[in-house]
Amino acid sequence: MKNKNFGRRDFIRTTGLAAAGTMLGPTMLRAGVGTQLPAVLGGTPVRTKAWPVWPIWNRETDEPLVVDDLRSGVWSRASLVTQFEKEWGDFIGTRRCLTVVNGTNALITSLLQLGIGGGDEVIVPPYTFIATVAAVLATGAMPVFVDTDIATWQIDPEKIEAKITPRTRAIVPVHILGLPADMVKIMAIAKKHGLVVIEDACQAHGAEIGGRKVGSFGDAGCFSFQNSKNLAIGEGGAITSNDDAFMDKCYSYHNYGNPYGSVVGQVNAGTLIAGNKLRLTEYQAAIGIGQLKRLPGETELRNANAAYLRERISRIPGVIPYTLTPNVTKAAFHLFPFRYDRNGFKGLSRATFLKALNAEGIPCSEGYAPLNKMPYLQNAFQSKNYKKMYTAAELDIHAFNERNNCPLNDRLCNEEAVWFYQSMLLGTRADMDDIVNAIQKIHDNADKIKA
Ligand SMILES: *Cc1c(COP(=O)(O)O)cnc(C)c1O
């Protein structure tokens with residue numbers, strides 16, 4: 001679906017008309033969903049109405065910010081980028097914030113400027129978006145995978161210490177799906193072993209542990225503002241930290257290696273470090289400034305809908321909802337996850353369940369595949385740089401796969417994970433009821449669908 005406002009209006013109008021004649025209200029459905037023919041077998045879907053689209057913007061408040069910048073001709077990094085950095089740092093609760101071109105480069109910049117490179121080991125979860133591990137490989141370091149706690153979907157802190165060696169330099173916990181990883185335990189382990197911590201908070205805008213925002217616990221927090229994320233700019237990223245020396249270096253790195261504070265257009269800055277060019281533009285910052293005004297309210301709505309949905313689906317046998325890690329006061333719910341147990345659904349496969357749920361008008365996905373087992377690792381290990389930095393034994397992919405085996409994560413990815421998308425949680429209670437009713441309907445008709 002095209003994310004254009006006019007397109008959305010047309011879509012709602014068309015589907016709204018179609019739905020009016022065919023669809024029962026959600027409260028009417030609730031009583032007898034089990035007796036109705038599943039949509040995947042040709043029955044009437046629980047829902048034909050459109051879901052909230054993403055991203056959202058406001059004509060009156062968002063568009064002038066962007067248009068005014070366009071008309072000013074100041075498009076390279078200037079006061080709007082600085083303003084957005086100030087606002088994002090204040091929101092996360094860190095003294096410093098630097099924007100960069102995307103979340104991937106926020107991670108790469110943080111790792112490099114915290115001194116991570118060839119020969120170092122970096123602890124990562126296998127349950128994340130590819131960019132987490134790609135960032136580690138971009139520095140020349142060796143990713144070390146720690147299995148997932150399938151109750152919380154996060155890296156299992158109890159399994160981290162067993163993977164620490166004399167070469168371990170960093171932990172990259174990921175607040176995956178926007179649910180916080182256990183930062184209290186992870187920071188204690190890092191402190192004990194003298195490791196740096198880079199939080200991948202690219203899905204966790206505004207999530208909190210004990211009232212404190214994720215991205216403010218580690219040496220660095222990394223965010224993404226890619227279009228699907230809970231704060232959407234199109235592309236964009238940020239690093240948050242309280243470490244001034246580190247942030248000065250990050251700034252320098254993102255601006256060709258020129259000293260912190262050197263301005264755009266300065267051509268003889270006495271370049272200090274081997275840099276890169278990763279600056280956000282003014283019009284991107286203008287979009288971000290508009291989006292940030294809505295983020296707290298949207299996050300509250302996602303939390304309220306998620307809590308309601310979680311409670312209602314947890315009563316359906318075979319649906320195992322997520323558990324939040326200790327002391328989480330708010331999640332970001334970039335995704336809403338539950339584990340599917342086919343035994344509660346008469347042995348119906350997850351793939352067929354997902355097909356049936358999609359047919360009922362509920363968008364859903366099986367989510368990630370195990371990142372510790374994909375071909376990109378072998379590709380990196382065969383590169384010129386890796387061959388010079390590591391021994392043949394260290395780069396043996398079979399031995400690597402054995403060392404990095406994560407059986408619980410395999411089970412989560414291959415058999416159990418089901419996701420709903422963050423924008424669905426911006427709907428109404430009745431929208432949440434549609435999800436519950438659709439799952440219930442498939443549950444009650446599992447025999448028929450399986451046959
Ligand atoms: C999106 C994402 C990234 C990368 O962010 P980009 O802005 O797309 O580069 C990194 N880690 C996680 C967990 C993400 O979801």
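I began with S7 and strand S10 (residues 220-224): they run parallel and are joined by three bridges. Helices (H or I, at least four residues) and strands (E, at least two) are DSSP runs, numbered from the N terminus. Two strands pair if DSSP finds at least two bridges between them. Glu 199 stands opposite Gly 221 in S10.

I noted the ground rules. This is a predicted model, in which local features need pLDDT of at least 70 and side-chain atom pairs count only at pLDDT 80 or more, while totals for chains, interfaces and linings use all residues. Residues are numbered from 1 along each chain as its sequence is written, and side-chain values use heavy atoms, with hydrogens and water left out.

Next I checked the other neighbour of S7. Strand S6 (residues 168-171) runs parallel to S7, with two bridges between them. Ile 171 has Val 197 as its bridge partner in S7. I then traced S6, helix H7 (residues 183-193) and S7, which make a right-handed β-α-β unit. Right-handed means that, with the strands pointing away from the viewer, the path from the first strand over the helix to the second runs clockwise.

Is S7 (residues 196-200) mostly covered or mostly open? It is mostly covered, with five of its five residues buried. Buried means under 20% relative accessible area, exposed over 50%, and partly exposed in between (1.4 Å probe, protein chains only). Val 196, Ile 198 and Asp 200 point one way from S7, and Val 197 and Glu 199 the other way. In a regular strand the side chains alternate between the two faces of the sheet.

I moved on to strand S15 (residues 417-421). Four of its five residues are buried, so S15 is largely enclosed by the rest of the structure. Five bridges join S15 to strand S14 (residues 335-340), and these two run antiparallel. Arg 339 has Ala 417 as its bridge partner in S15.

Then I looked up Leu 395, in the loop between helix H12 (384-389) and helix H13 (397-403). Leu 395 is buried because its relative accessible area is 10%. Leaving aside neighbours within four places in sequence, I found Leu 395 in contact (heavy atoms within 4.5 Å) with Met 142, Phe 381, Tyr 386, Lys 387 and Tyr 390.

Last, I checked Trp 75, in the loop between helix H3 (59-72) and helix H4 (79-92). Trp 75 counts as partly exposed because its relative accessibility is 42%.
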